[in-house]
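Morning, everyone. I'll take a few minutes on one fold. Please have the sequence and the model open.

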Amino acid sequence: MKPSFKTLAVAFMAIALSAAPAAAQDFKVIVNSANSTTDLPADVTAKLFLKQTTKFPNGTAAQPVDQAKTSPVRATFSKTVLGRAVSAVESYWQQQIFSGKDVPPPAKASDDDVVAYVKATPGAIGYVSAGASTAGVKVVDVK
């Protein structure tokens, strides 16, 4: 007996909904410890990383940092927060560069490199794997 379309649709939605919270747990967004920010809406976080806004809501100038293009945490962050695949984000930056608007954030090779950059850079914001050490930086809640 074949399952009905309705049965398949309900099963698909259950899987999709159960997977959504786990994706948000796969990374941590971090800021320089001097930044007073404790939480950020996801849309504001996306605008900071796409340089569509240059300041945190508290007025601090933002210095975003990405992970390497091939990093699994970058793929998860891009899909979850930016709402795009890494390739689509790369296309976005190519358009920005070509039109003379802006350049992408620097990309670091590892979680440790991102933490070191954020720790040393006032206004920095980055993301690391959920299991990464965040000593010396502040983890912010992205809602």
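Which strands does α3 lie across? Helix α3 lies across β1 and β6. The angle between α3 and β1 is about 85°. Residues 27–32 form β1. Keep in mind that this is a predicted model.

Let me step back to the whole chain. The protein chain has 143 residues, and 34% of them count as buried. It contains 5 helices and 7 strands. Along the sequence the pattern reads α-β-β-α-β-β-α-α-β-α-β-β. Now the contacts between residues at least 6 apart in sequence. Of these, 68% join residues at least 24 apart. The chain exposes about 8,100 Å², with carbon and sulfur atoms supplying 60% of that area.

Next, the sheet. In what order do the strands of the open sheet run? The order is β2-β7-β1-β6-β3, so 5 strands, and the pairing is mixed. Which strands stand at the edges? They are β2, residues 39–40, and β3, residues 63–64. Each has a single partner strand, so one side of each has no neighbour in the sheet.

Let's stay with β6, residues 124–129. On one side, β6 pairs with β3 in the parallel sense, over 2 bridges. Gln63 is the bridge partner of Ala124. Pro64 is the bridge partner of Ile125. With β1, the sense is antiparallel, and 5 bridges join the two strands. One of the bridge pairs there is Ile30 with Gly126. As a reminder, strands of a sheet pair through backbone hydrogen bonds, in either sense.

Is β6 largely enclosed or open? Largely enclosed by the rest of the structure, because 5 of its 6 residues are buried.

Helices again. Helix α5, residues 111–120, lies across β1, β3, β6 and β7. Its direction is at about 155° to β6. Strand β7 covers residues 137–142.

Now α3 against its helical neighbour. Helix α3 spans residues 72–82, and α4 spans residues 86–98. They pack at about 75°, with axes 9 Å apart. An angle from 65 to 115 degrees counts as roughly perpendicular, so α3 and α4 are roughly perpendicular to each other. Who makes the contact? From α3 come Arg74, Ala75, Ser78 and Leu82. From α4 come Val86, Val89 and Glu90. By type, the residues of this contact are 4 nonpolar, 1 polar and 2 charged.

Thr134 sits in the loop between β6 and β7. Is Thr134 buried or exposed? Buried, because its relative accessibility is 18%, and the cut-off for buried is under 20%. Leaving out neighbours within four places in sequence, Thr134 contacts Lys28, Ile30, Val128 and Val139.

Thr53 sits in the loop between α2 and β3. Residues 42–49 make up α2. The relative accessibility of Thr53 is 28%, so Thr53 counts as partly exposed. Which residues does Thr53 touch, not counting those up to four places away in sequence? Val44, Lys47 and Leu48.

So, to recap. The sheet is open, with mixed pairing. Strand β6 is largely enclosed. Helices α3 and α5 both lie across β6. That's the tour.

Notes. Residues numbered from 1 in each chain as written. Predicted model: local features only at pLDDT ≥ 70, side-chain atom pairs only at ≥ 80, totals over all residues. Heavy atoms only, no water. Axes fitted to C-alpha atoms, helices over the stretch in contact; angles between N-to-C directions. Helix = DSSP H or I, 4+ residues; strand = E, 2+ residues; numbered from the N terminus. Parallel < 35°, antiparallel > 145°, perpendicular 65-115°, else oblique. Contact = heavy atoms within 4.5 Å. Nonpolar A, V, L, I, M, F, W, Y, C, P; charged D, E, K, R; others polar. Pairing = 2+ DSSP bridges. Buried < 20%, exposed > 50% of the residue type's maximum accessible area, 1.4 Å probe, protein only. Areas by Shrake-Rupley, 256 points an atom, 1.4 Å probe, with all protein chains shown as cover.
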